[in-house]
Amino acid sequence: MAMPGGVDLLVRIVFVEAAYGFGGSLTGLLHLFPALPDDIEPMLITSFDPSPYVELPSKLIHRQVDIPARPKHPGHWLPGLWDYYCYVVRPWANAIDRVITDFQPDLIHANNTAVINLGVGLAGRKRGVPTISHQKDFEYPGRVSRLLLRRSCYTHHIAMSDSIARQLHSLGLDPKRCTRIYDPVIGPTSQQLQSRVSQNVPVISMHSMLVRWKGQHIFLQAVAKVRHRCQAPFRVVIAGGPPSNDTEYSEELHAQCQNLGLDDLVEFRGHQRDIYTYLSTIDVAVHASVDPEAFGRVIPEAMLMGVPNIVTIGGGPSEFLRDGEAGIHVPRNDHNALADAIEKLIVSPELRERMGRAGREYALNEFDPSLIANQFNELYRKISSCPSDRASKRAKIA
């Protein structure tokens, strides 16, 4: 974009990752940045250090802000509401206010949920900066959520799946102020794709953060059932790590594995920085979340690698993974149904090959970063109404 007189004009966008740790939410942004037009200058704000998990693009401006950990108060809702203001809303509002002063953005793109990003939205409204709430998860269907969505401080909302969009509408958000855009997913290189070979003994994998709602404990119950009744050999890998300083569930899984007599079958590999090298050794990917999954990035990653998926019903995955074509749907919290699906794929290499091929074909079209970046860019231009007064001022100074 250029101003009159031939002065190039950068569109400055602040991207806020309000999660307390690394996950698919931030990965979605990192896959978006390289595909954005050259006249967009992104700045990433996080409350944690992402460097142990991923390498940030060299040209990306990154700032880590100090956001205190929110204490847990079981019982009455009032202390929780006060903590929400003191530990979430106010710190983020103050941090983003300082960022606006320093960076002078044309637009703020806030990841996660409207409730979590309330401080970001308030800072944007106070300073007159259009703000998008990129809904990376379902909102808790309470009074606070309904109030925020009906009297939203955000300029617009992006839902990362149709399921999230429907929930936002049901909570009172005007459909005209919400756009569904899937996250972009950068696929494997040709070398990584060619390195994938079907194992003589099929490898069943679950790779995601080790948190209870992801359902690794249901997965282990299903594995125990398959081992008891299936004659065909197979191996199991669980990849991913726990959130920062929260190893309780991880320890439970190791204990459960021992109690079920699966120590010789199940391998825990921890966080995988190179997901496609990891997937090149996998024959079946399982996603056993016990709550509806907003998107489930690990699923399109497996699809792009030609790996068939088993997913629980509800949320984004069952929208874009077609049951019986690119994978298998199973009910949530049902280890028996999950065991049936795992066994079905273990005993049929032909079915695994057919589903993996169909999934890759679909994912190449649906999650292409260039096409999705165009959707984001179109929305950015519409909302930021550039050149803004702020951008014009920067151009004159230059």
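A residue counts as buried when its relative accessible area is under 20%. In this predicted model, Asp 39 has a relative accessibility of 16% and is therefore classed as buried. The side chain of Asp 39 forms a salt bridge with that of Arg 381, with an N to O distance of 2.8 Å. Arg 381 belongs to helix H14 (residues 369-384), whereas Asp 39 sits in the loop between helix H1 (24-32) and strand E4 (40-46), so the bridge ties together parts that are 342 residues apart in sequence. Arg 381 is partly exposed, at 24%.

The structure contains 15 salt bridges. Among them, Lys 136 and Asp 183 meet at 3.4 Å (N to O). These two residues lie in separate loops, 47 residues apart, and both are buried. Another salt bridge joins Glu 353 and Arg 357, whose closest N and O atoms are 3.2 Å apart. Both lie in helix H13 (residues 349-366), four residues apart, or about one turn of the helix. An α-helix has 3.6 residues a turn, so residues three or four places apart point the same way.

The largest nonpolar core comprises 87 residues, and those with the most contacts inside it include Ile 96, Trp 92 and Phe 320. Helix H2 (residues 77-103) contributes the most to this core, with nine residues. Beyond its neighbours within four places in sequence, Ile 96 contacts Val 16, Ile 45, Ile 108, Val 120 and Ala 123. A second, separate core has 35 residues, including Phe 219 and Leu 338.

Phe 219 is one of the buried residues of helix H7. The buried residues of H7 pack against several elements, including strand E10 (203-207), helix H8 (248-259) and helix H12 (335-346).

Methods:
Residues are numbered from 1 along each chain as its sequence is written. This is a predicted model: local features need pLDDT of at least 70, side-chain atom pairs count only at pLDDT 80 or more; totals for chains, interfaces and linings use all residues. Side-chain values use heavy atoms; hydrogens and water are left out. Buried means under 20% relative accessible area, exposed over 50%, partly exposed in between (1.4 Å probe, protein chains only). Contact means heavy atoms within 4.5 Å. A nonpolar core is a set of buried Ala, Val, Leu, Ile, Met, Phe, Trp, Tyr and Cys residues joined through side-chain atoms within 4.5 Å. A salt bridge is a side-chain nitrogen of Lys or Arg within 4 Å of a carboxyl oxygen of Asp or Glu.
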